[in-house]
Amino acid sequence: MDVLVFIVSGTLAAATALIFAAMGELVAEKSGVLNLGIEGMMATGAAMGFVAVSLSGSYTVGFVAAAVLGCLLSLVHAVLTLVFRADQTASGLAIGILGLGLSSAIGKSYEGRTVAGLPELNLGPLSDIPVIGEMFFQQDIMVYLSIALIFATWYVLTRTKLGLVIRAIGESPENAHALGLKVRLIRAGCVGFGGAMAGIGGAYMSTAYTPLWAEGMIAGRGWIVVALTVFGTWIVPRVAFGAYLFGSMSLLELSIQAFGWNIPSQAMSVLPYVVTIIMLAVISRNLAFIRLNSPASLGAVLKIS
Amino acid sequence: MVETPLLRLRGVTKAYPAVLANDAVDLDVMPGEIHAVLGENGAGKSTLMKIIYGSVRPDAGTVEWRGEQVDIQSPLKARDLGIGMVFQHFSLFETLTAAENISLAVPGTIADLSTRIRAASAQFGLDVEPDSRVQAMTVGERQRIEILRCILQEPKLIIMDEPTSVLPPQGIAKLFETLRRLASEGIGIIFISHKLDEIKALCDTATVMRGGRVVGVVDAKVEDARSLTRLMIGREIAAPSHSAERGDGHAVLEVAGLNHTPLDPFAPALKDISLTLRSGQITGIAGVSGNGQDALTRALAGEIVQGSQDAGTIVLEGAELGADTPDQRRTKGLHFVPEERLGRGAVPIHTLSENTGLTTHHAGLVNWGMVKLGKRRALAQGTIEAMDVRCGGPDATAQSLSGGNLQKFIVGRELALRPKVLIASQPTWGVDVGAAAAIRQKLIDLRDEGAAILIVSEEIEEIFEICDTIQVMFRGQLSPPVQAQTASIDDVGLAMAGDFDALVLREAAHV
């Protein structure tokens with residue numbers, strides 16, 4: 001039972017950073033903008049969040065600072081692709097590399113330091129329920145916020161006028177422009193939201209999940225986020241499922257080590273990435289489904305005046 | 001008392017670097033009037049409509065809206081004034097439902113709009129199901145949504161840009177009924193077309209344009225097709241001469257049991273297609289596009305290679321083509337003119353001479369891997385002369401030619417190789433009247449030399465004009481052939497909507 005509690009509660013925590021970044025990327029991609037700079041934005045958010053928490057002692061300040069910097073970085077991508085019509089792939093990669101550089105510059109003098117770590121939220125009687133309480137109700141606030149974010153993203157995209165506008169722009173910015181929708185503004189908003197969420201996801205890694213700063217600590221999670229949105233066929237529940245699958249696999253890695261099984265640790269570290277991608281690739285084979293949910297203009301240069 | 005026109009243009013002029021698109025154009029549209037704007041491709045109709053709809057600014061001239069001078073700076077402004085437009089190429093979002101599409105342009109919740117959509121559907125005879133997705137809809141349904149979206153914005157003037165070009169004949173009658181009902185509510189309608197019979201059937205007044213100028217404002221009911229044509233193109237065009245079949249009529253290309261499921265899940269699968277093309281005959285495939293014509297022409301041309309057991313056979317002069325590539329099929333005498341001129345029929349940025357080499361390199365153009373440039377150039381020059389292609393010579397790039405001229409060139413390039421079988425997809429789509437007539441005549445000439453020809457066309461008039469036998473394609477199935485001379489245009493229209501029996505039974509009655 002202890003193992004199960006460990007895996008479930010650990011999965012929620014391990015997936016939280018991915019959920020933030022993936023919901024942000026999902027919204028940006030739904031509007032038709034591919035952002036390949038997520039890895040860099042998460043890294044920048046992680047460094048910024050860590051430094052801000054170290055200096056101010058406030059987690060709120062830390063997450064806000066990370067969100068603002070992630071947002072600013074992504075708006076560079078928005079300006080390059082929406083105003084100057086740069087190629088989305090090239091621009092995203094460049095901004096991603098810039099982000100990685102920026103993260104090491106910001107965190108340079110904090111390398112290897114730690115902060116206190118985000119405290120668990122005390123939910124009173126809920127937290128005291130045996131097993132269930134230990135699994136679900138002894139988490140920090142960001143875990144709950146990430147779950148709320150999943151529902152909010154799903155609701156906005158599928159049930160509101162704003163979501164309709166985002167989906168329409170993602171399918172055909174030309175038609176949307178002809179209808180008088182503010183294509184650039186909405187897209188910039190979506191990309192900026194994506195950057196802010198990536199920043200928060202990164203900050204969660206460095207201040208809560210493993211409360212220390214080490215360069216390269218995002219370790220490809222930004223790329224997993226990009227893969228999650230695509231293999232999750234741009235459907236919110238599927239993308240969230242992918243994030244939790246990744247989280248549980250990375251927990252499995254730790255548990256197996258705890259059992260003392262003699263499996264090379266390198267092989268185990270690869271496991272979450274491999275399993276997540278194979279799993280999502282298998283469930284995303286339905287072409288009709290993809291065509292219905294994928295933003296048709298994703299990655300294309302904007303052809304409106 | 002004289003009524004104030006809804007819209008009055010005076011001296012509207014718009015120049016582009018190469019052409020004067022509109023030269024001092026005047027136009028008056030009254031409330032409740034259906035006003036035709038008639039002209040060939042390139043006559044300046046589209047530019048004029050873009051000026052009225054605010055997406056292009058005129059260089060000179062005035063626009064009056066209900067008696068007051070206005071400056072229409074953007075489509076948004078046009079909509080505010082009460083000007084709506086139904087585009088020729090639809091601007092709908094495929095993955096959204098009808099109601100969602102409409103809600104992007106009309107305020108209100110989806111539930112509210114669905115009620116209003118149903119009400120307006122009933123009022124104007126526009127069948128639309130608000131909750132169904134555009135993706136699965138026919139062209140006619142899509143057009144009805146566009147019109148509904150326009151109507152729900154409560155416009156005073158609706159611009160219809162070539163609305164009938166995508167509809168089967170029965171759909172056209174229905175559309176006209178709707179437009180008449182709208183006009184009776186006092187809405188002005190500008191109806192753009194180059195189909196004379198439609199204008200005579202529907203419109204009150206016609207403004208005829210040629211070369212950017214208004215060459216006449218006439219009463220559409222009084223004029224006849226000949227006088228309108230003369231106004232529109234400035235000369236008379238001879239209908240292609242269409243003699244009786246030539247050649248021995250032996251089967252040149254035989255297709256049996258062709259099945260194909262395209263990768264695109266929303267494109268129809270080809271179901272058990274059988275087709276025989278005979279020497280000295282033109283076979284026409286009628287049907288609304290998107291019913292599998294694309295997959296069929298690709299399969300015949302070799303762009304799709306059949307793999308599986310039930311894929312069927314394609315036999316050219318007794319020899320199975322199997323997995324031959326388009327190139328190998330060309331050397332055997334099967335040629336293909338695709339629907340898209342730029343990008344598939346010709347490389348836009350290459351010269352005509354280079355484009356000639358793409359499909360004719362077997363005709364002695366290559367020696368030890370080296371291209372004989374002089375010979376290729378001569379071949380291109382020959383095509384230009386034979387087809388009367390208006391261009392800057394063999395060194396002009398493909399993209400510098402107008403649609404009609406490039407199409408003449410592409411058809412000519414294939415004709416120069418004396419094909420045994422020619423497959424042409426929408427050979428006169430978007431081509432001006434003069435070029436279309438020239439291309440049709442060349443196809444008939446080729447037939448008279450004994451070639452077997454397959455024409456895929458959405459334009460039912462074209463099919464009847466040049467084809468000997470007609471087959472109809474609907475949802476991936478091909479109807480049995482009927483004789484063009486005895487078939488009725490209405491039966492073919494019914495078959496285009498899926499009723500093959502109407503076509504076949506009537507045909508049997510004739511025999």
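Residues are numbered from 1 along each chain as its sequence is written, and chains are lettered from A and ligands numbered from 1 in the order in which they are written. Because the model is predicted, local features need pLDDT of at least 70 and side-chain atom pairs count only at pLDDT 80 or more, while totals for chains, interfaces and linings use all residues; side-chain values use heavy atoms, with hydrogens and water left out.

**Stop 1: the open sheet**

Select β11, β12, β14 and β15 of chain B. These four strands form an open sheet in the order β12-β11-β14-β15, with antiparallel pairing. Strands here are DSSP runs of E with at least two residues, helices are runs of H or I with at least four, and both are numbered from the N terminus; two strands pair if DSSP finds at least two bridges between them. The edges are β12 (270–278) and β15 (319–320) of chain B, each of which pairs on one side only.

Next, display β11 (residues 251–260) of chain B, which is joined to the antiparallel β12(B) by six bridges. Within this pair, B:Leu258 lies opposite B:Ile273 of β12(B).

**Stop 2: helix α9**

Colour α9(B) by accessibility: seven of its nine residues are buried. Buried means under 20% relative accessible area, exposed over 50%, and partly exposed in between (1.4 Å probe, protein chains only). Among the buried residues are B:Leu296, B:Ala299 and B:Leu300. After the helix comes B:Gly302, with a positive phi near 95 degrees.

**Stop 3: salt bridges**

Show the side chains of B:Glu303 and B:Arg298, which meet in a salt bridge (2.9 Å, N to O). The term denotes a side-chain nitrogen of Lys or Arg within 4 Å of a carboxyl oxygen of Asp or Glu. B:Glu303 counts as partly exposed at 35% relative accessibility, and B:Arg298 likewise counts as partly exposed at 25%.

Move to B:Asp23 and B:Arg213, whose side chains form a salt bridge (3.2 Å, N to O). This pair links β2 (residues 20–29) to β10 (residues 213–219) of chain B, with the two residues 190 apart. B:Arg213 is partly exposed, at 49% relative accessibility. Over all chains, the whole structure contains 29 salt bridges.

**Stop 4: strand β7**

Finally, select β7 (residues 157–161) of chain B. Five of its five residues are buried, so the strand is largely enclosed by the rest of the structure. In a regular strand the side chains alternate between the two faces of the sheet. Here B:Leu157, B:Ile159 and B:Asp161 point one way, and B:Ile158 and B:Met160 the other.

β6 (residues 83–86) runs parallel to β7(B) and is joined to it by four bridges, with B:Val86 and B:Met160 as bridge partners. β8 (residues 188–193) pairs with β7(B) in the parallel sense over five bridges, and B:Ile190 in β8(B) stands opposite B:Ile159.
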